[in-house]
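Subject: Structure handed over, with notes

Dear colleague,

Please find the structure below, followed by my notes on what was found in it.

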Amino acid sequence: MAPSPSFATEAELAKAQGDGAAIVVTATRTPLEVEAAPATVTVIDSEQIADELVTDIKDLVRYEPGVSVRRAPARFGAAFGSTGRARNEDFVIRGIGGNRVLIQVDGIRSPQGFSFGAQDAGRGGYTDVSLVKSVEILRGPASALYGSDGLAGAISFTTRDPVDLIDAGNNFGGFVRASYSNADEEFAETVALAHRFGDIAAMVSYTRRDFQELDNKGGVGGVGIGRTLPNPQDGESNAVLGKLVWDDGTHRVRLTGEYVETELFTDVLSGQGPAFVFGPFPSWIVDDLTALDNTERGRASLDWTYTGEGAIDYAHVSVYYQDGEDVQFTDEDRSPLGATPRPDRERLNTFENEVYGIAAEVRSVFGDDSFRATLAFGGDLSFTRQEGLRDGTEPSFGEVFPTRAFPATDFTLGGVFLASEFALFDGRLTIFPALRYDFYDLDPTDDPLLPTFAGAAQKDSRLSPKIGVTAKMTEEVSLFGNYAQGFRAPTPYQVNNFFENLAFGYTSLPNPDLGPERSESWEGGIRFSSDRISLQIAAFKADYQDFISQQVVGGSFTPRDPAQFQFVNFNAAEIDGIEAKANFRFDSGVFARFAIAHADGDILTPGQAPRPLDTIDPLNLVAGIGYRDPARRFGGELIVTHHARKELEETTGACASDCFRPDAFMKLDATAFFAITDALRLRAGIFNISNEKYAYWQDVRGLSATAAIIDPATGSAQADAYTRPGRNASISLSFQF
């Protein structure tokens with residue numbers, strides 16, 4: 001299901017950019033300045049992406065407290081474990097991540113993530129930041145505007161249009177950029193070209209990336225679990241965006257094609273050597289372990305937009321096709337340690353989402369300064385075929401390849417919404433109510449790869465309300481508040497998970513009664529905004545109900561009475577916290593920024609005492625000071641990032657024993673740019689200047705405290721494998737024409 005984006009008109013964008021303001025639409029579906037939004041929204045534009053030398057989504061949010069991306073090291077096996085296989089797994093907003101955060105590109109939601117056994121397919125590889133014009137990050141439930149998956153927040157990417165590459169008065173424009181980052185030895189080249197022929201404009205953009213493993217502060221090489229250096233990797237990616245646009249000022253018709261593909265080879269040295277599977281003694285020797293992973297997302301969309309005056313000020317209709325596929329292949333060579341043969345084995349796991357969708361929206365504005373109302377009404381419908389394949393050689397005992405973890409499923413998502421904006425008392429009080437009705441229908445096929453299993457169909461509906469308020473106390477001070485509900489429909493995998501290993505006494509059962517996850521969020525804060533200073537302090541509280549969790553619902557783990565695993569609506573969670581941010585701008589060109597985020601949360605399980613929600617980041621803050629020449633000829637910034645250590649009591653129950661908790665750290669980065677000519681711009685950055693040895697909490701979640709024990713033979717600890725790069729640098733050179 002893909003919502004229709006509420007695009008601001010070109011006139012609205014031009015005015016906002018001329019005033020130095022940012023326009024957002026994700027928070028309310030109506031265009032408004034970010035300072036007027038009734039919720040916490042962050043806007044990151046293409047210039048900031050370039051100035052901060054961002055190469056992927058983890059770099060995109062590295063200076064955004066309260067939002068993070070998990071990037072565990074690649075330390076997985078052929079059939080056991082999946083640590084780090086998804087690379088940049090997903091966004092985490094205020095402690096909630098995965099499929100519970102909506103990600104959309106030009107209003108089309110990205111494919112879902114998936115994890116089963118040794119397979120781990122995240123969503124971080126479905127978008128290349130080089131194609132992006134802006135990113136909006138909405139904290140808090142977004143289901144009242146966008147439907148399922150907006151349980152904790154929304155990430156909205158908007159790609160470039162031809163008009164973004166062509167200066168006024170010209171018919172041709174574009175840019176080329178080359179960059180290098182030694183954190184993973186990445187070379188990237190981008191070229192973007194656009195041409196206008198009267199009312200018709202066309203553009204094409206292409207980015208090529210070649211990279212290796214992400215560096216760390218480990219010091220132990222060789223093979224086996226004791227290795228702390230990164231496993232060698234060799235990757236490449238290609239990202240293409242093309243658009244053909246007809247625009248007469250009132251009507252716009254746009255045809256878009258997008259393709260993003262990444263291929264990554266990994267030599268999993270940490271998985272070689274003796275394999276301990278059934279006890280304290282090795283079961284076999286892994287002589288060689290390599291992996292080849294491929295992620296692809298392609299989409300074609302056609303949309304029509306109307307902007308004018310009268311009863312309807314704005315209308316938008318789009319149709320699209322999208323296909324996302326993740327393929328993970330592993331080859332393992334083994335030697336026996338005893339009389340039992342240990343044949344070599346392969347694993348081929350795939351996960352695919354093929355989607356057809358349509359969306360529409362109309363918007364009207366009426367009234368005068370004393371009372372102005374904006375009404376937006378729309379809906380969307382999508383049809384998805386979701387399927388995964390498990391194949392290879394030497395399957396586990398009792399299993400036959402090829403097979404699936406769930407039957408191929410037809411998944412329908414749809415909804416209608418009404419969003420409003422009422423401005424009262426010359427705009428001093430603005431109310432933003434919204435309501436959305438969603439439905440979904442999950443229909444498994446009679447899958448020939450699961451001949452003994454009949455999946456269960458499921459359908460349900462949900463009504464999600466939302467209301468936000470902003471009140472101007474003075475021209476510079478305003479209050480804002482927001483209440484929202486969210487939900488996430490269960491996935492085909494959760495409803496119809498099927499796997500059985502009777503020899504080891506367990507099986508998985510479908511759950512046709514599995515309900516959607518729900519959330520309820522309150523947020524309030526105060527803003528101060530002037531020509532030179534903007535400040536915001538916000539407090540929030542969120543309640544999550546019916547979290548889906550796989551539980552043992554019966555059986556005794558014997559072949560005759562196997563344990564029965566099933567996904568059920570089991571847990572609830574409560575999260576509260578506070579966030580603050582400030583920006584300072586002076587006529588001299590000096591600027592500064594500060595942001596801090598802190599949150600606490602508990603998991604509420606029936607019949608058990610509350611336990612900490614370990615997915616929440618510890619307190620983290622960012623502070624920067626810089627100078628930007630008023631003529632934009634040169635500038636730079638020093639940025640300090642601090643992450644506190646996760647408190648011990650906030651990890652209780654998250655690991656089998658005590659959890660590994662990385663030490664608090666503070667690192668210093670520096671970025672700079674210089675305009676060699678009006679068209680040629682050089683950017684450079686040095687990151688982790690003090691060569692700090694550090695690790696992010698999201699990367700180490702679930703790692704036992706024993707990982708911090710130093711091996712006397714090597715003088716190193718396994719946890720060193722989870723550290724981020726030491727001192728590293730990036731540079732880029734761009735030419736705009």
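Accessible areas come from the Shrake-Rupley method with a 1.4 Å probe, and for residues only the protein chains shown count as cover. Lys and Arg count as positive and Asp and Glu as negative, while His and the chain ends are not counted; the place of a charge is taken as NZ of Lys, CZ of Arg, CG of Asp or CD of Glu. A salt bridge is a side-chain nitrogen of Lys or Arg within 4 Å of a carboxyl oxygen of Asp or Glu.

Please keep in mind that this is a predicted model, in which local features need pLDDT of at least 70 and side-chain atom pairs count only at pLDDT 80 or more, whereas totals for chains, interfaces and linings use all residues. Residues are numbered from 1 along each chain as its sequence is written, and side-chain values use heavy atoms, with hydrogens and water left out.

On the surface, a patch of negative charge brings together Asp-287, Asp-344, Glu-346 and Glu-394. Of these, Glu-394 sits in the loop between strand 22 (371–393) and strand 23 (409–424), where strands (E, at least two residues) and helices (H or I, at least four) are DSSP runs numbered from the N terminus. Glu-394 has a relative accessible area of 37% and is therefore partly exposed, a class that lies between buried (under 20%) and exposed (over 50%), with a 1.4 Å probe and protein chains only.

There is also a nonpolar surface patch, with about 900 Å² of accessible area together, whose members include Phe-197, Ile-200, Trp-246 and Ile-358. Strand 16 (233–247), strand 17 (251–267), strand 19 and strand 20 (314–336) each supply at least two of its residues. Ile-200 belongs to strand 15 (residues 200–212) and, at 38% relative accessibility, counts as partly exposed.

Asp-149 is buried at 5% relative accessibility, and Arg-109 is buried at 8%. In a further salt bridge, the side chains of Asp-447 and Arg-404 meet at 2.5 Å, N to O, and both residues are buried.

Finally, Thr-290 lies in strand 19 (residues 284–307) and is buried, with a relative accessible area of 15%. Leaving aside neighbours within four places in sequence, Thr-290 is in contact (heavy atoms within 4.5 Å) with Phe-265, Thr-266, Asp-267, Phe-329, Thr-330 and Asp-331.

With kind regards

Notes. Patch = residues over 30% accessible without salt bridge, like charges linked within 9 Å, V, L, I, M, F, W, Y side chains within 5 Å.
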